[in-house]
Amino acid sequence: GKGAPAKKEVPKKDPKAAKGKGQVDEEDLQIDESEEPTIEIDDVIPEPQVNVIDKTEKALTLKCSGVSDYPKYETDVENVIFKPTLMYQTRNFKFFVKNTSLVDMQYYWKITNAETGTVDNGPYSIIPKTGTIPAGCDENFILKFSPLEVEETFERLLICNIPNRSPDQEPMIIEIDGVSERPVCHFELLPSKYREKKEKDMSPIDSKYSIVEFESLGTKIKNIKRFMVVNPTNQGYEFIWEQELDDSKPKTGAMFRCLTPKGVILSGKKYEMIFEYTPDSVGTHESFWSFRIA
């Protein structure tokens, strides 16, 4: 009869036996499954079947490179003290921050109360507030101080949050402070570039004047401008508008009129002012007026 086939003995692997080069036991691998993946891996598309031609194989060298670094910053500002600023006005302070590292540096600014540490912008704002500075580049920032009231202190901390900041660097914290002053009155006017235009024409306008601009689509047409004047003081007052007459300046006749020549502005209130412009000729016309408090 037929005999049973002989069994081949397979030697068992000794876990303590020496591993070959490049071999690692699965028991030695420690994988942190809670770690979030940082690289997205797509499925590899299998190559089609090919016939290799003899002596046509060619080896190509693939060069890979990478950069690893902590974001690091450089700035020459430690504190900012604004000069006395009138309520409803704005002062700007410009400074730079440089990224001295080899990687992009993300940032986010916040302003906190110097005493409590809570987020409190107060009269301050910064542009831009958030963004990314490329490696080796710098970014210019504008810190604005726009007080709306008079307070004992405007001390704040301007803090720049930088993710993965170098552990060798301290957090970027800039101390800021300013002083506000209460004006007797405030004119709520739209921005105007007329002053800059006059400076280019070598006929600058005195800085004591505010500017109200009219545009008329023709002559003999009435054009109206309205704006508010605020009384931020603790008491009301009477006002009067007076047109300034100067023989050295071109005569504008009755082209300009004030339709609110006098009135009373109560404490903390606004008063609407109305001016009228009716040109009788084509060109640029100017008229100067004084706002007087009785």
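Ile162 lies in the loop between β9 and β10, where helices (H or I, at least four residues) and strands (E, at least two) are DSSP runs numbered from the N terminus. The model is predicted, so local features need pLDDT of at least 70 and side-chain atom pairs count only at pLDDT 80 or more, while totals for chains, interfaces and linings use all residues. Residues are numbered from 1 along each chain as its sequence is written, and side-chain values use heavy atoms, with hydrogens and water left out.

Ile162 counts as buried because its relative accessibility is 10%; buried means under 20% relative accessible area, exposed over 50%, and partly exposed in between (1.4 Å probe, protein chains only). Leaving aside residues up to four places away in sequence, Ile162 touches Pro71, Tyr73, Met105, Gln106 and Met172, contact meaning heavy atoms within 4.5 Å. Pro71 is 91 residues from Ile162 in sequence, and their C-alpha atoms are 7.7 Å apart.

A nonpolar core is a set of buried Ala, Val, Leu, Ile, Met, Phe, Trp, Tyr and Cys residues joined through side-chain atoms within 4.5 Å. The largest such core has 23 residues, and Phe95, Val97, Trp109, Leu143 and Leu158 touch the most other members. Two or more residues each come from β4 (91-99), β5 (105-113), β6 (124-127), β8 (138-145), β9 (156-161) and β10 (172-177). The largest share, 4 residues, is that of β5.

Trp109 has contacts with Phe95, Val97, Ile126, Pro128, Lys129, Phe141, Leu158, Ile159, Cys160, Met172 and Ile174, not counting residues up to four places away in sequence. Another core, of 15 residues, lies apart from the largest one and includes Trp241, Met255, Cys258 and Phe275.

| Strand | Partner strand | Bridges |
|---|---|---|
| β12 (residues 186-188) | β13 (residues 223-230) | 3 bridges |
| β13 | β17 (residues 270-277) | 8 bridges |
| β14 (residues 237-243) | β18 | 5 bridges |

Met228 in β13 is the bridge partner of Glu188, and the bridge partner of Met228 in β17 is Glu272.

An open sheet of 3 strands has the order β16-β14-β18, with antiparallel pairing. β16 (262-265) and β18 (289-293) stand at its edges, each with a single partner strand, so one side of each has no neighbour in the sheet. Neighbouring strands of this sheet are turned by 25° against each other on average, direction ignored; axes are lines fitted to C-alpha atoms, for helices over the stretch in contact, and angles run from 0 to 180 degrees between N-to-C directions. Trp241 stands opposite Phe291 in β18.

Definitions and conventions:
Two strands pair if DSSP finds at least two bridges between them.
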